[in-house]
Amino acid sequence: MPAGFDFKKLRRLIKIYAVVQAALVVLLLYVALLFQANLGPLFWKSILITLVIQLINFYPVNMFATREARREVSATAVGLTPEELKGLRNQRMVGDVIKMAVFSFFLIFVYKAPVTASMQANRFYQSLIFFNFILTYLSYFQCFNFAAKREMKAKEES
C-alpha cells in the first residue's frame with residue numbers, strides 16, 4: 001500500500017456493510033416466507049415485478065454507490081488540506097441526505113400504500129414495497145463494497 005492512503009477505516013466500513021448485507025438477506029428470506037404463506041400464486045407475481053423494478057433501479061443505485069465509494073477512498077488520502085476535507089464532508093452530507101430521502105420514500109410509501117377491500121391485494125402491495133426496499137439497500141451495499149474494493153486496489157497499485 002502506498003504511503004498516501006490509509007484504508008483502515010474503509011476496510012472496517014466494508015466489513016460492517018458485509019454484516020448488514022447478511023442481515024438484509026436473512027430479513028429478505030424471512031419476509032419472503034411470510035408473504036409466500038399469505039399470498040399463494042400472487043407471490044410469484046410480486047417476485048417478478050420486484051425483479052423488473054430492481055433491474056430498472058440497478059443503474060442509478062450502482063452509479064450512486066460508485067460515487068460514494070470513490071469519495072470514501074479519496075477521503076483516506078493522508079495529508080488532505082482543510083478545503084479538501086470540507087469538500088469531502090459536503091459530498092458525504094449530500095450522499096447521506098439522498099440515502100435518508102430514499103429511506104423516507106419507502107417509509108411514506110408503506111404508510112400511504114393503497115388499501116383495498118381485498119386483504120390479498122393489500123398483502124401483494126406490501127410484499128412489493130418490502131421486497132423493493134430490502135433489495136434496493138442490499139444492491140447499494142453490494143455495489144459500494146465492490147466499487148470500494150476496486151478503487152482501493154487501483155490506488156494500491158498506482
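1. A residue is called buried under 20% relative accessible area, exposed over 50% and partly exposed in between, with a 1.4 Å probe and protein chains only. E68 has a relative accessible area of 3%, so E68 is buried.

2. This is a predicted model, in which local features need pLDDT of at least 70, side-chain atom pairs count only at pLDDT 80 or more, and totals for chains, interfaces and linings use all residues. Residues are numbered from 1 along each chain as its sequence is written, and side-chain values use heavy atoms, with hydrogens and water left out.

3. The protein chain has 4 helices and 0 strands, in the order α-α-α-α from the N terminus. Helices (H or I, at least four residues) and strands (E, at least two) are DSSP runs, numbered from the N terminus.

4. Along the principal axes, the C-alpha atoms fill a box of roughly 60 × 25 × 20 Å.

5. Of the 158 residues in the protein chain, 33% are buried. Contact means heavy atoms within 4.5 Å. Among contacts with a separation of 6 or more, 83% are between residues 24 or more positions apart.

6. E68 is in helix α2. Leaving aside neighbours within four places in sequence, E68 is in contact with G95, K99, Y140 and F144. The side chains of E68 and K99 make a polar contact at 3.5 Å; such a contact is a pair of N or O atoms within 3.5 Å, where within protein one must be able to donate a hydrogen and the other to accept it, and residues adjacent in sequence count only if both atoms are side-chain atoms. The C-alpha atoms of E68 and R92, 24 residues apart along the chain, are separated by 7.7 Å.

7. R71 also has its place in helix α2, which covers residues 42-75. R71 counts as buried because its relative accessibility is 6%. Not counting residues up to four places away in sequence, R71 touches L88, Q91 and R92.

8. F144 lies in helix α4, residues 119-157. The relative accessible area of F144 is 1%, so F144 is buried. Beyond its neighbours within four places in sequence, F144 has contacts that include L10, L13, Y17 and E68.
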